[in-house]
Amino acid sequence: MIKGFKAALSAAVVGLLAGTALDAAPAVAQTADSDLVAKGAYVARLGDCVACHTGLHGSVYAGGLEIKTPIGAIYSTNITPDPTVGIGTYTLQDFDNAVRRGVRKDGSPLYPAMPYPSFARMTDDDIKALYAYFMHGVKPVAQQNRPVDITWPLSMRWPLGIWAKLFAPAPKAFTPAPGTDPVIARGEYIVTGPGHCGACHTPRGFSMQEKAYDATGGADFLAGGAPIDNWIAPSLRNDPVLGLGRWSEDDLVQFLRSGRIDHSAVFGGMADVVAWSSQYFTDDDLKAIAKYLKSLPPVPPARGDYTYDASTAQMLDSGKTAGVPGADIYLNQCAICHRNDGGGVARMFPPLAGNPVVVTDNPTSLAHVVVSGGVLPPTNWAPSAVAMPGYQKILNDQQIADVVNFIRGAWGNKAPANVTAADIQKLRTKGTPISARAWDAGTSTNSTWGFFAPQPYGAGWTFSPSTHTGVDAAQ
């Protein structure tokens with residue numbers, strides 16, 4: 001994402017940066033049906049619209065968020081109803097073309113950072129409501145749009161239209177399969193449509209298109225993504241080790257509502273989803289999402305099942321850690337919160353034993369949180385904020401690699417201990433994710449721009465995680 005067709009294919013990579021939050025912009029004078037505007041506000045929550053279209057410390061929906069890509073930076077656009085620099089002159093058809101077809105008012109294609117391949121299946125009614133909200137429920141802001149920081153010829157937009165024809169589904173309102181439980185159908189619509197969950201949780205193909213847009217795509221659908229901001233979106237399939245196989249529907253509802261359950265806690269970009277979006281979903285919609293995810297066809301377990309191994313806790317309890325790289329570091333730095341048994345503290349510090357994020361093929365997420373720390377955001381359902389410090393100034397690269405490898409193999413976790421000090425050094429200084437798999441396999445960390453040599457992505461990708469993790473609390 002160097003010539004025409006290459007630009008089309010490479011630009012698709014920004015589709016991984018589909019947003020994760022939602023706004024609470026004040027309403028302006030209403031000239032449309034208030035119920036329709038209110039419905040549109042809720043659809044905007046389902047679609048996480050504010051995450052991309054609000055800059056750091058900026059006005060809601062006024063754009064300006066920098067999204068870095070391997071070929072340069074793009075900036076989200078002003079989608080307030082300002083008639084000069086926003087979308088105030090858009091007709092309903094113009095709006096529909098942008099949201100579901102990826103074509104802006106002047107006819108040029110949008111970067112697929114706007115997840116129109118998923119929005120293509122949104123219903124006419126939801127598009128109309130969303131339009132009413134943006135036209136009559138959002139305050140106009142006269143903030144100029146920023147041009148992309150991409151040099152010619154990669155900055156040309158027309159090749160994006162080629163990519164769209166090749167890889168983006170044609171707009172067609174979602175219709176459930178005959179006989180589908182209405183609750184499951186609602187969940188499928190949210191997950192595959194406005195929620196665009198696959199933008200992060202589905203692996204990408206050779207031109208960075210999602211390998212599957214729904215369950216008809218087989219085991220690839222929601223099987224886990226590649227690094228975005230050095231976080232890995234894990235599998236949402238029912239794999240008992242790498243996915244949601246040991247989660248109940250109630251677990252999923254509570255997780256989406258509060259960001260924390262007894263055996264997991266939100267992190268990375270998903271923290272934005274919960275804090276600005278899913279915590280506001282109706283109970284019915286949360287239950288529908290959970291029921292749909294648990295109804296997905298089973299996938300072959302990649303590593304069998306998980307069985308807890310108490311020998312790690314026994315070793316740590318006894319203090320007999322000599323000759324075990326990373327064990328002493330874990331005892332001194334990690335055990336106070338995550339405990340010797342790796343069980344963590346319910347709804348505060350997530351367990352490390354059997355945690356899918358810990359044992360996933362790519363260790364970038366675990367290494368990144370050790371290096372940089374993280375925040376469990378407050379929500380209306382769990383108002384406390386819990387922070388983990390970053391250890392990049394406390395531990396050296398080899399020590400971080402050792403403790404990451406230790407955690408990935410402790411308590412019955414059966415992930416390879418293959419993180420090196422060089423990996424940590426690149427992650428810490430350059431933001432380069434840890435490469436774990438081939439570029440065209442599963443949760444790859446590499447992609448290829450068309451028919452050219454594979455190029456790493458992840459280094460330099462920024463979705464400005466500080467934008468929606470408390471810095472802009474006033475919004």
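This is a short tour of two annotated sites in a predicted model.

Residues are numbered from 1 along each chain as its sequence is written. Because the model is predicted, local features need pLDDT of at least 70 and side-chain atom pairs count only at pLDDT 80 or more, while totals for chains, interfaces and linings use all residues; side-chain values use heavy atoms, with hydrogens and water left out.

**First stop**

Select Cys-197, Cys-200 and His-201, which an unreviewed UniProt entry lists as "binding site"; such annotations may be inferred rather than shown by experiment.

Go to Cys-197, found in the loop between α8 (182-192) and α9 (198-201); helices here are DSSP runs of H or I, at least four residues, numbered from the N terminus. Cys-197 is partly exposed because its relative accessibility is 23% (buried is under 20%, exposed over 50%, partly exposed in between, with a 1.4 Å probe and protein chains only). Show Val-191 and Leu-222 too: Cys-197 touches both, not counting residues up to four places away in sequence (contact means heavy atoms within 4.5 Å).

Next, select Cys-200, in helix α9. Cys-200 counts as buried, at 19% relative accessibility.

**Second stop**

Now select Cys-334, Cys-337 and His-338, also annotated "binding site" in an unreviewed UniProt entry.

Cys-334 lies in helix α14, residues 327-338, and is buried, with a relative accessible area of 14%. Leaving out residues up to four places away in sequence, Cys-334 touches Ile-329, Arg-339 and Val-403.

Cys-337 is also in helix α14, but at 25% relative accessibility Cys-337 counts as partly exposed. Beyond neighbours within four places in sequence, Cys-337 is in contact with Gly-344, Val-345 and Phe-349.

Technical notes:
Helices (H or I, at least four residues) and strands (E, at least two) are DSSP runs, numbered from the N terminus.
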